[in-house]
Amino acid sequence: MRSRACHLLLLGCAGILWQVARCADDTENSPEPTRKTGPGLGTAQLLAQEGPTPVDENWVISNATVGSILKQRATPRREVLFTTIRLPATKYTAELEMVMNFCHFVQEAGALSHLMILTTDNMTWTRLHDRGLPVYLDKAFPERPEYAYGGGKAHDSPNRVFDVQKHWWGWKILEQDYLAAYMDADAIPLQDPFLPFQNTTYDVQGLSDWDEVTPQDPAASLSGGCKLYYWIEDPAAPTGTILREYWNFPDPVVKTHAHNPCQSTGVWYLRPTPPARAFMLAMTQRLSAPATRHQWDQTAWNEVILPFLWGNGEVEPLAYRLLPHAHYANVGVVDKRRAAGLPVDLVVLHSGYLHGKEKKEAYERMGFWSPSNATRSKGTRLTHGQEGGGGAKGGAADLPRAADPLGLAAASTVNNGPRPDLAHGAAALGLLTVLGVVVTLAFTRRRRSAALRSSLLPTKTGYGAATPSNLGSPSRSNHINRSPHAAAY
């Protein structure tokens, strides 16, 4: 017996050492790395070593499949909600929580089966897909090499890849004759996210970035403005000037007042009309042209939209408005309206003017923070063929995945390699094995019964069985709560 126990003890120790070594090799995939990358070995090189990520073809969107996927995701009114995202290579927990919080509230609004999360990054796709989120690997967007291999941000642009990607997709969805609703993943829909489309007056509608209880009358821009954007001399720009944000140019000598709507690009709505298509095409060209792609996407929007507001007898003017603050607002505006005793009936809330952990703190304070509920919901992620609102009927759901508040242990492998969080678990299992052997030896000396000895050894059943998890339920996809007072929104 002692000989067998010694063999088990040695085997357990070897298992611990092996798993710790595997864990160290894969730390780069962990949300909280336990070691530095070391000189000469950056994130890009480490990611390149991971190898390709296997992607389910049903969740890849390309120019060839965009029409069929939009048909599956759209409501009966041809409305589609989308967002674009790319998680950091490491320490991505905060961003992941924000995406899951967004999806939770999309689900609560009854619109999850009409949501498309688009990413150009294989690792982001894996992390979101393994948590049951409706994410597509984007092979349609013409990504520049600087974005693909430079960590998501090019050296000659302040825009991340998904900042450019979202405007391109706005244009692409219009070209397919669908209505496009875009929200950043740090937004929260609290009612039907498609409510603005019930007001058919406008081609384009967007979230106001005026940090006041209500946006100023447009005529006030003649004597003032929101003071976020100014004209700056720029020889590279076609006109010799370009709109830029004040915080990058604090010197008042070099900036000139500019009339602009002061819109946030965190939330916007597009109707597939010729003026809207022309505007979004101009936006995509603005953010990709070498002479102007150094302009921040939100600043570009507030400049590019202006010449589309008038027609010429042959080209129709763009019908455009800022969404009302009572229903679509940044966190600070909501606080100011409540303090002033003004009505607040939120359709969409956005964490504008907040950065980093301030976003989460604000949502927690307001009672709108539930990222863990996304994975704890009943059912499974809807697959193609189960979607409501234009999708085909029938089809089998994805296999249920283990419940996990942050989804940090949802997959056993990433890029064909072991997950470090599971390696920690395996190392713990080895340690428990060693402790079990030691206890067994002690009881052997006391001639305890074999039954008692075996009961002290760890078993696989103690590490948790898989439980169903998801986001979304077929019964909700056709039950979006449409307000009878849509004109007010």
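The model is predicted, with local features needing pLDDT of at least 70 and side-chain atom pairs pLDDT 80 or more, whereas totals for chains, interfaces and linings use all residues. Residues are numbered from 1 along each chain as its sequence is written, and side-chain values use heavy atoms, without hydrogens and water.

**Strand S2 and its partners**
- S2 and S3 run parallel and are joined by 4 bridges, where pairing requires at least two DSSP bridges.
- Between them the chain passes through helix H4 (residues 93-108) in a right-handed β-α-β crossover, that is, clockwise from the first strand over the helix to the second with the strands pointing away from the viewer.
- S2 also pairs in the parallel sense with strand S5 (residues 179-183) over 4 bridges, and Glu79 has Leu179 as its bridge partner there.
- Glu79, Leu81 and Thr83 point one way from S2 and Val80, Phe82 and Thr84 the other way, and all are buried (under 20% relative accessible area, with exposed over 50% and partly exposed in between, for a 1.4 Å probe and protein chains only).

- Thr119 counts as buried because its relative accessibility is 0%.
- The side chain of Thr119 reaches the backbone oxygen of Ile85 at 2.9 Å.

**Trp169**
- Setting aside residues up to four places away in sequence, Trp169 touches Ile61, Val66, Phe82, Leu118, Asp138, Ala140 and Phe141, contact meaning heavy atoms within 4.5 Å.

How values were computed. A polar contact is a pair of N or O atoms within 3.5 Å; within protein, one must be able to donate a hydrogen and the other to accept it, and residues adjacent in sequence count only if both atoms are side-chain atoms. Helices (H or I, at least four residues) and strands (E, at least two) are DSSP runs, numbered from the N terminus.
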